[in-house]
Amino acid sequence: MIAFILKRLAVAIPTLLVLIVISFILMKVAPGNPFAGEKTVPKAVLDNIFARYGLDKPEWQQLLEYIYNVVFHFDFGPSFKYRDRTVNDIIAQGFPVTFTYGAWAFLFATVIGVSLGVAAALRQNGWIDHLAVGLSIGAQVVPNFVMAPVLVLVFTLWLRWLPGGGWDGGHWSNIVLPVIALATSYLASITRIMRSSMLEVLGSNYIRTARAKGLPGWQVVFRHALRPAMLPVVSYLGPVFVGMVTGSVVIDLYFSTGGIGQAFVNSALNRDYSTILGITILLGALTIAANLVVDVLYAWIDPKIKL
Amino acid sequence: MKLNGVLAAALAAGLLLGTAMTASFAAEVPEGTTLASEQIFKYRVLDNINTLDPQLVEDVDTSAVVRSLFEGLYNSGQGGDPVPGVAESYEVNADKTVYTFKLRDAKWSNGDPVTAGDFVYAWQRAVDPKTASNYAYFVGLVGVVNADDIVAGKKPVTDLGVKAIDDKTLEVTLSFSSPWFVRTLSHATLFPAPKAVIEAKGVDWTKPENIVGNGAYTLAENTPGERVVVKRNPNYWDNAKTVLEEVQFLTINDENQGLTRWRAGEVDQTDVPAGQYPALKAELPDNTYSVPNFCTYYFSVNMTDKQTNAALKDVKVREALSLAIDRDVIVNGVLQGGQTPAYSFTHPLTAGFKMPDIPAASMTQADRDAKAVQLMAEAGYGKDKPLEINYIYNTSEAHKKVATVVGQMWKEKLGVTLNLADMEFQTLLDTRHAKTYELARNAWCGDYNEASTFLSLLDSKSEQNDQGYANADVDALLAASKTSADPNVEYAAVEVQASKDVPIMPIYFYAKVFMQSASVKGWPFTDVEQNWYAKDLYKVAE
Amino acid sequence: MLTDRRIGNLAHPAPAPIEEASAPEKGRSLWMDAARRFRRNRAALVSLAMLILIVLFTFVGPLLARWDIETIDWTVVGSVLTKGMPSFETGHYFGTDEVGRDLYSRVIQGTQVSLTVGIVGSVIAVIVGTFYGAVAGYFGGRLDSVMMRFVDILYSIPYMFILILLLIIFGRSFIMLFVGIGLISWLGMARVVRGQTMALKNREFVEAAIAGGAKPLTVVFRHIVPNLLGVVAVYATLLIPEMILLESFISFLGLGVQEPNTSLGALISEGAQTMQYGTIWQLAFPLIFFVLLLFSFFFVGDGLRDALDPKDR
């Protein structure tokens, strides 16, 4: 197990380096620069700004210095657009926000999705099954950029129950709508995956045997069926987790939560080179970590798998 | 973009009264008003607040925040005219090149006195190559001696033409005679900066726990992407007249979302999405406003040889295309927010500017269309010999609508096919600057309230001349305007020449269209630059 | 290998290997069985009919249109709320958009674009993913671990962000959209196919082919790939709606196809902006088509899986 984790981590480092190099090249190829606006900045001024941020050096040198600073000082450099902030500041402020509503959404989607899926499978073709299947496909096909404004119209303008945006240091009332908007489509996917894998397991020989032995229904389900049926859900959790982070683009836009998604899109549009790189690296590392956790979890649930 | 010009007499006269000026400079609450118990103003901003460092400020919303945290020598009053800030008064020499400001007893938020030295430090800081401010050029633009050379690294910062005679007296030397210098002092670049704090904290000096300002408010919270909160500064010199206790600048990227939240009472002011003004005005007449804004929307035509579309080199084609744009449909049918059709470049409300008669402006659209068809025929194009033009614009619903509508007008009237290329903003800027386009969306907002802020863009040497337009007469006129007794003569001639050459197709003059809670009072509706100060606002009980 | 059991970022577990498929001579009856099972699945059948109807409509619909996708109805401009409503009288069966263009024609065009994006993305996944996965799985060993490590690396890249960068840098076009979507769509397919290939390669019919002197690549493409078609078909069907959803998100970010072309995602995102102002048809019609399309693909995909995987249920 430990050897497996170490091996994966060893692969992660070159992966991240490749990611840095690709993103760096993409950025440099992109037209525009972080200091351009509708009004053209005079050449002398632009020269000063480039010198201030070391952008006047050859590109390969910029890249090497960047990697050096990241690796040895964990310093992602200054932001070029938010002039009095560093990328570390931006991540330190935005990531906890994204992580908070992302984690709640993750929990919400997983717990409700798994329960609904199990309930639907146990009552196959019953009303709860039809409801779960209908709801889950319905939720999956409505884009969250439609869901988010609808939620605000209903809960903020009509019912006046919840604020239509803001974060307020993570007050619960500001978290509810982002979590619903973010979790819905994943909840739907998890429900469907859980339902079909539960059905498959319930139809398998060993469950039939267990039933034939006269074990009570709930015990069969929770002792024997649930664990193997969870496997496909677990393997889906890595992508769900990543989706929670990328989904924050829409959430931050509509709910002004100040998370990492909007910071990324803004920095890409503004050519805020250091911020794009910083967030890309962060997300790459998170993706790798999520996949690793999922693999370990998978092995833990399914003893047949050796790491 | 030099503006060594002499201004219209009226404007200059107004400024000479500066020493005696006692206009409004705080919230003026009429007798008998019942103030609201909660004095919190919630203002929607479109994007993140980029920085709180006055010398680094670039955009309008960020300026609004910085104006509440810092105060310059003069502020901009209700109608946009200067009113005293940290300066009590000023004197100016006969040829208007040396200004001497008398400072009042103002304090920083930590209790230290605001001195002339704080301004010297800040202005030097603004031009210092090490600060690397985007707006470093502004100090030279307004005429402070040696600013451009310091930016270019040719002289030390100490050579800047600004001097502290004593703690309360500041002397500024300009490189040209400027009657309008005081008008530029409300710009954030020229605000004072707290030297001790900046030197002790470095880049972190604008963090809420470190920042020290001299404005009517102090920073309470700064969460980019969510909000900036400022609270009343008890050390502000005019604190007694401040009414609003707190201002929240709330980032709401989506304007429709902003409107929903305004309706829910979560913000006090928000912009109206394009096309929704008439309906909202009918529904909520007391909350819906449209006021002129100091910007012009136009299409740039690439006049250089870098583009290969020969038709656009024909002035008849350019004129025909411009004539066939039905601006009334764009303004009244598409945008519907109180914008004004534009047939010339300079904003009509520019101080002292008198718009010349442009023939197209007084024709009916039917006449324009007829003339356009005729011109196209003369140029050899028509429905039998169709013309194809590529147009670039940046991603935005409103730009897309204008592009679509103009494309259809040209197609139906002139048989011209307009290929739309929607690109992202930075790419558009690059393409426009490299002059590899045929036709491009463009817009310009005045930096200061005088016609040269627009017309200098038509100078062949201007960095902002995206068209690559070069007309020796225009250049000569613009040069002459700088020493002219009445520059309006030259300005009018430039506008007329540009309307004949058609390097740009003006579309409309902007309006700021917004919803504002009825309880908010004191908004500067008549200032075309819409520079508002939180300290001038107050909320009444509903 | 752990990753065999994972299918990556798609919402559906891979169907189990189709055991009957291992014997080629029984293939015919397998497909017939599957067809019978599929016919018994009412939801899937209705969805299939719906899909066919929608596709037919995108071909027949334009014949009934009185406006094209870009012509502006000038009488509507400025009063879309009152004059731009769906109406047979004006010829705008679905109403008009904000600048007075006919929504009926635009919805049809948007449906075509979204379908194309979904299908092309899925086809790229089938071609690249199948070959890649089959080669890796069949040859195994070093080659396999290098190839699959590469897939792992691609999986670790936050692709949505790279996609945004790509579209910003190279501008917006159909080609870029397909490149962007194609870049990631095949990864899951490659993993599934590799796993299935490993299960198949030791079967008698494969060994027989090898004994008969067939070259390795011939074995892969003649004998293994045809036996994977069931899995691939299910997976590809379920991939289409994922691709359509992805495209809608790209359109929402303003990075989709160029005007005057449109997609369902672009129309929905425009409609969502004006829904609170009463022009609800601008959201409703594209959203209905979008939902029907995705519903149908999901149900057909599920139906196919159930039909091809008799072990289930």
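The area buried between chain B and chain C of this predicted model is about 2,000 Å², of which carbon and sulfur atoms give 52%; buried area here is the accessible area (1.4 Å probe) that two parts lose on being put together, summed over both. Of the area that chain B buries against chain C, B:Asn256, B:Gln276 and B:Gln408 supply 22%, more than any other three residues. The contact (heavy atoms within 4.5 Å) takes 26 residues from chain B and 18 residues from chain C.

Between chain B and chain C there are four salt bridges, each a side-chain nitrogen of Lys or Arg within 4 Å of a carboxyl oxygen of Asp or Glu. The side chains of B:Lys400 and C:Glu270 meet in a salt bridge, at 2.7 Å from N to O.

On the side of chain B that touches chain C, helix 7 (255–263), helix 10 (327–335), helix 13 (397–414) and strand 15 (416–423) each supply at least two residues, where helices (H or I, at least four residues) and strands (E, at least two) are DSSP runs numbered from the N terminus. Helix 13 of chain B gives the most to this side, with nine residues.

Turning to chain A, an automatic or database domain assignment divides this chain into domain 1 (42–75) and domain 2 (98–250), and the centres of these two domains, taken over C-alpha atoms, are separated by 45 Å.

Residues are numbered from 1 along each chain as its sequence is written, and chains are lettered from A in the order in which they are written. Local features need pLDDT of at least 70, side-chain atom pairs count only at pLDDT 80 or more, and totals for chains, interfaces and linings use all residues, while side-chain values use heavy atoms, with hydrogens and water left out.
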